[in-house]
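Dear colleague,

Please find below the structure I am handing over to you. My findings follow it.

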Amino acid sequence: MPQWSNTPPERTTPRPLPIIRTPVGKSLAATILSDEMIGCPTHFWGGRTSPCEAPDCDACNHGSPTRWHAYLAIYSAENQSSAILELPDAAAEQLALLARGLPTLRGARIRVSRTKSTRNARVIVDLRQPLMPQPPIPAAPDLPAIMAIIWKLPASTISTEQSDLRRAAIKLDALVLAKRNGKPLPPKEPDATPRR
Ligand SMILES: [Zn+2]
């Protein structure tokens, strides 16, 4: 017999979210879900951005430079979708400057664009106060947990109940990466086996 209810079940694991960068040739506007940005030194290594894992870091050992990147969860009311916005350090500095005096970033509206129509052109950040009254927005996702999954960090940093999500995120990550690089989508294959 169907188990009817009039509300969707509450999620017990974080929803996998794509990491997005500032688009080229257009701006991106969204509402911030996170209370604050979080960031860490990263490498562009093996064709993707991944966190520096110093002191035992493969990329460092191969002389790859680090770049600090900030991450914050955003929500587009228009598309009803959440994502993780990646900001380079200079844009993060600007965001911190604009956010001075705000008790939280959550609910504030961010708009990012680039100075030129090139992939790595400087990112411009604009921050607006929350709309009043504040339209409903999803809860702030647990970014470190989601990033650990996307970055395929060792399983010890991820709880067992997140392993299904991890597989989903790995696939999603491959799709996003393929799209970003303009490559054909990867073939549908059996799930990638987690490292270690
Ligand atoms: Zn490193």
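In what follows, two residues are in contact if their C-beta atoms, placed from the backbone, lie within 7 Å. Please bear in mind that this is a predicted model.

The chain has 4 helices and 8 strands, and along the sequence they follow the pattern β-β-β-β-α-β-β-α-β-β-α-α. Of its 196 residues, 18% count as buried. Among contacts between residues at least 6 apart in sequence, 64% join residues at least 24 apart.

I looked at helix H2, residues 89–98, in some detail. Its buried residues are Ala91, Ala92 and Leu95. Seen down the axis of H2, these buried residues fall within an arc of 100°, so they line one face of the helix. An α-helix has 3.6 residues a turn, so residues three or four places apart point the same way. The partners against which the buried residues of H2 pack are strands S3 (38–45), S5 (67–76), S6 (81–88), S7 (109–114) and S8 (123–128).

The second topic is the nonpolar core. The largest one has 24 residues, and Leu72 and Ile74 have the most contacts inside it. At least two residues of this core come from each of strand S2 (28–32), S5, S6, H2, S7 and helix H3 (143–150). S5 supplies the largest share, 5 residues. Leaving aside residues up to four places away in sequence, Leu72 touches Ile32, Ser34, Met37, Leu85 and Leu105.

With kind regards

Technical notes:
Residues numbered from 1 in each chain as written. Predicted model: local features only at pLDDT ≥ 70, side-chain atom pairs only at ≥ 80, totals over all residues. Buried ≥ 20, exposed ≤ 12 C-beta atoms within 10 Å, placed from the backbone. Arc of directions from axis to C-beta. Core = buried A, V, L, I, M, F, W, Y, C linked by C-beta atoms within 7 Å.
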